[in-house]
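Please look over the sequence and the model first, then read the notes below.

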Amino acid sequence: MSRCEQCIIREFSSLKALTRDELETISETKTHFIVRKGEILFLEGDNLNGVYCVKSGFCKLTKLNSNGKDTIIKLAKSGELLGQRSIINEETSNLTATALEDMQVCFIPKKEMLDYFSDNNKFSLLVTRDICNHLKDADKGLADHTHKTVKERLAIMLLKLEELGGVDPETKSLNIQLSREDLANMVGTATESCIRLLSDLKKEGIIQLSGKKIILVDKAELKNLAQ
């Protein structure tokens, strides 16, 4: 298990603002574990006693809607901290985190996070900025669902999946492989409509499909659709 002060992943989150002494303290108190694909990291309504630093892998963050179905709010990748807002506001988690592939995760206790949030101004600023960015992304997502067509939203999501996870260097397919149901969920449409639109994009030469794998062939046209 690598130590926090030596871990490059911290440079992608608010942890980069911590001093070496603070990082050494976290290294002594954190726990490191593996979350297998499909396993739940935490549930909506859980009392979180700390934050989760995603060292590798991806997970989906979902919220139960009024119909009793899960809505995917966002995807989290390596370098992200999960649970910051819950521990700062002293509230239960408002989302469920489920691994989309095997993940390495570090759990940092609540006490250390709150101590550094109070004592380290740079750290508290970055945490606050991170939370604000999440709210801004949520606002943009709501606006897109209101003003964009389903095909435009699908184009936006395919580009976002590439931005988040990159592509396989050999197959050129998206590294984040969502089920068609999950992809439809994120786009905000029925699974059947999502499958039909993917087929349309394939016929137009914009993407290629191979099982769950998706290859973005004409990103320029996808960007035109997404605008």
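On the face of α7 turned away from its buried side sit the exposed residues Glu192 and Lys203. The model is a predicted one.

**Helix α7**

- Helix α7 covers residues 191-203, which makes 13 residues.
- From its first C-alpha to its last, α7 reaches 19 Å, close to the 18 Å expected at 1.5 Å a residue.
- Ser193, Cys194, Leu197, Leu198 and Leu201 are the buried residues of α7.
- Seen down the axis of α7, these buried residues fall within an arc of 135 degrees, so they line one face of the helix.
- The cover over the buried residues of α7 includes the helices α5 (150-165), α6 (180-187) and α8 (219-226).
- That cover also includes the strands β9 (207-210) and β10 (213-216).
- After α7 comes Gly205, which has a positive phi, near 75 degrees.

**Ile214 in strand β10**

- Strand β10 contains Ile214.
- Ile214 has a relative accessible area of 5%, under the 20% cut-off, and is therefore counted as buried.
- Leaving aside neighbours within four places in sequence, the contacts of Ile214 include Leu198, Leu158 and Leu183.
- Ile207, Gln208 and Leu209 are also among the residues in contact with Ile214.
- Thr171 and Ile214 are 43 residues apart in sequence, and their C-alpha atoms are 9.7 Å apart in space.

**The two domains**

- The protein is divided into domain 1 (4-144) and domain 2 (148-226).
- Between the C-alpha centres of domain 1 and domain 2 there are 26 Å.
- At the interface, 12 residues of domain 1 are in contact with 13 residues of domain 2.
- The two domains bury about 1,100 Å² between them, and 61% of this area is on carbon and sulfur atoms.
- The rule finds 1 salt bridge across the interface of domain 1 and domain 2.
- Lys60 and Asp182 meet through their side chains in a salt bridge, at 3.1 Å from N to O.

**Ser86 in helix α2**

- Ser86 belongs to helix α2 (residues 84-89).
- With a relative accessible area of 7%, Ser86 is buried.
- Not counting residues up to four places away in sequence, Ser86 touches Leu48, Glu91, Thr92, Ser93 and Asn94.

Methods
Residues numbered from 1 in each chain as written. Predicted model: local features only at pLDDT ≥ 70, side-chain atom pairs only at ≥ 80, totals over all residues. Heavy atoms only, no water. Helix = DSSP H or I, 4+ residues; strand = E, 2+ residues; numbered from the N terminus. Expected span 1.5 Å × (residues − 1). Buried < 20%, exposed > 50% of the residue type's maximum accessible area, 1.4 Å probe, protein only. Arc of directions from axis to C-beta. Contact = heavy atoms within 4.5 Å. Domains from an automatic or database assignment. Buried area = accessible area lost by both parts, 1.4 Å probe. Salt bridge = Lys/Arg side-chain N within 4 Å of Asp/Glu carboxyl O.
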